[in-house]
Amino acid sequence: MPQRLAIEVEARGPSGSMARAGVLRTSRGDIHTPAFMPVGTHGAVNAMLPSQLEAHGAEIIVCNAFHLARAPGRSVLRGYESLHKFMGWPRAILTDSGGFQVYRLENRVVRDEGVEFQDAGAKVLWRPEDAIDIQAVLGSDFVMPLDECIALPAPKEKARAALERTLAWARRSLDAAKDLRAGQTLFGIVQGGTYPELREQSIRALDRLGFGAFAIGGLNVGESEEEFRETLDFTVRHLPDERPRYLMGVGRPAAMLDAVAAGVDLMDSIIPVRYAREGSLLTYRGLLYIQKPRYAKDRIAVDTSCDCYTCRNVSRGYLHHLFSTTRTTAQMFATIHNVNFCLRIMRDARAALIAGRFEDFSREFMQAYRREQTPGNESAPRRPAKRGDEE
């Protein structure tokens, strides 16, 4: 039986709302929810030091076990006490199993045994047991089993087949979980496409198996915004109230607040890092594309209401200059701001929940944020980001 993780709920939204603020107690410090988890796929959040992440309020980050198994690999990682020691990060870590990463491989073949693909000319089979084994080596606090993710929209029978395979892999992951370290929590991943009866079937099966916490997978993979919200709301309402809820791959402000309203406790995304790389800065008044000529002589901060290192120390004009001349430094400044922005949304949402005004906060935020997103104003990055986009 895996270790169960309970959430201490401190405040809830108004009657009928699933939104909540809480605390997760871990051996590496408390995690105050709702919380955003910066993504450090290969063991580092691109362009940010661990000390900078801590200074800006990050209490947990996400790394990818699939990629870490490929490089630097088990033989190197076994030489360290844990992934925390390897990367110099003292707080909690959640490791993803690679289910979404293998989903994106063009040459993959999904079989009941696992996922087969070509790597440097060699045939590789990634099994549920492999995902658990490497996460035991890493010593991450929160562990994800291998799941099968499919693109949406999808026929019901395809969603059902992926769900059944995911549940079979979940059972194998539980068998392998005996090798996990004390204190590691194995999540169960809810699948089922946009079909309520399949989502409910997935939750019931995972609960019977005794998973210690729940991740909501299979969203942000092609469904409409309405389908996203409806599926998320239905799924959360059927999850055990005492267990934490992790929504995989959400980092756009509107979707983040939708997730909080639905009752999600944890979420992660590569969006703030990738947007920063392309010169797009998240602000409380919308996206700001810093490479536009209009910012060349702008002496104010990226966001005058922001308390991050970037906004306290440099101007828009300086950042515009760096993107044309010293891009590595520019990306560092932009990443610090964007990651802090996502962390700050969750801090503000949490404070609003505790104060009993989350709905007002969410409405006011989106009115200001959308007001700046008018045609011809700020340009968004070239393509939409989805879970699994790499740094």
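Analyst: Here is a walk through the sheet, strand by strand, and then through its surroundings.

A word on ground rules: this is a predicted model, so local features need pLDDT of at least 70, side-chain atom pairs count only at pLDDT 80 or more, and totals for chains, interfaces and linings use all residues. Residues are numbered from 1 along each chain as its sequence is written, and side-chain values use heavy atoms, with hydrogens and water left out.

Helices (H or I, at least four residues) and strands (E, at least two) are DSSP runs, numbered from the N terminus. Two strands pair if DSSP finds at least two bridges between them. With that settled, the open sheet has eight strands in the order 4-14-13-12-11-10-6-5, and the pairing is parallel. Strand 4 and strand 5 (60–64) stand at the edges with a single partner strand each, so one side of each has no neighbour in the sheet.

Let's zoom in on strand 14 (residues 266–269). Leu-266 and Asp-268 point one way and Met-267 and Ser-269 the other, and all are buried (buried is under 20% relative accessible area, exposed over 50%, partly exposed in between, with a 1.4 Å probe and protein chains only). On one pairing, strand 4 (residues 35–38) runs parallel to strand 14 over four bridges, with Phe-36 opposite Met-267. On another, strand 13 (residues 245–247) is parallel to strand 14 over two bridges, and here Leu-247 is what stands opposite Met-267. To get from strand 13 to strand 14 the chain goes through helix 9 (residues 253–262), a right-handed β-α-β crossover. Right-handed means that, with the strands pointing away from the viewer, the path from the first strand over the helix to the second runs clockwise.

Further along the order, strand 11 (residues 185–190) and strand 12 (residues 213–216) also pair in parallel, over four bridges, and Ile-189 faces Ala-215 there.

Now strand 6 (92–96): Ser-97 lies in the loop between this strand and helix 4 (99–103). Ser-97 is buried, at a relative accessible area of 0%. Its side chain reaches the backbone oxygen of Pro-145 at 2.8 Å (a polar contact is a pair of N or O atoms within 3.5 Å; within protein, one must be able to donate a hydrogen and the other to accept it, and residues adjacent in sequence count only if both atoms are side-chain atoms). Leaving out residues up to four places away in sequence, Ser-97 touches Phe-66, Trp-126, Ala-131, Gln-135, Met-144, Pro-145, Leu-146 and Asp-147, where contact means heavy atoms within 4.5 Å.

Ala-131 and Gln-135 bring us to helix 5 (residues 128–138), where both are among the buried residues. Nine of its eleven residues are buried, so helix 5 is largely enclosed by the rest of the structure. Just after helix 5, Gly-139 takes a positive phi of about 70°. Phe-66 also turns up again: Leu-105, in the loop between helix 4 and strand 7 (109–110), touches Phe-66 and Phe-117, again not counting residues up to four places away in sequence.

On to helix packing. Axes are lines fitted to C-alpha atoms, for helices over the stretch in contact, and angles run from 0 to 180 degrees between N-to-C directions. Helix 6 (residues 156–176) and helix 7 (residues 196–209) pack at about 10°, their axes 11 Å apart. That makes helix 6 roughly parallel to helix 7 (under 35 degrees is roughly parallel, over 145 roughly antiparallel, 65 to 115 roughly perpendicular and the rest oblique). The contact includes Leu-163, Leu-167 and Leu-174 of helix 6 and Glu-197, Leu-198 and Leu-206 of helix 7. Glu-197 counts as partly exposed, at 37% relative accessibility.

Finally, helix 13 (residues 327–355) lies across strand 4 and strand 14, running at about 160° to strand 4. Four bridges join strand 1 to strand 2 (residues 20–24), with Arg-12 opposite Arg-20.
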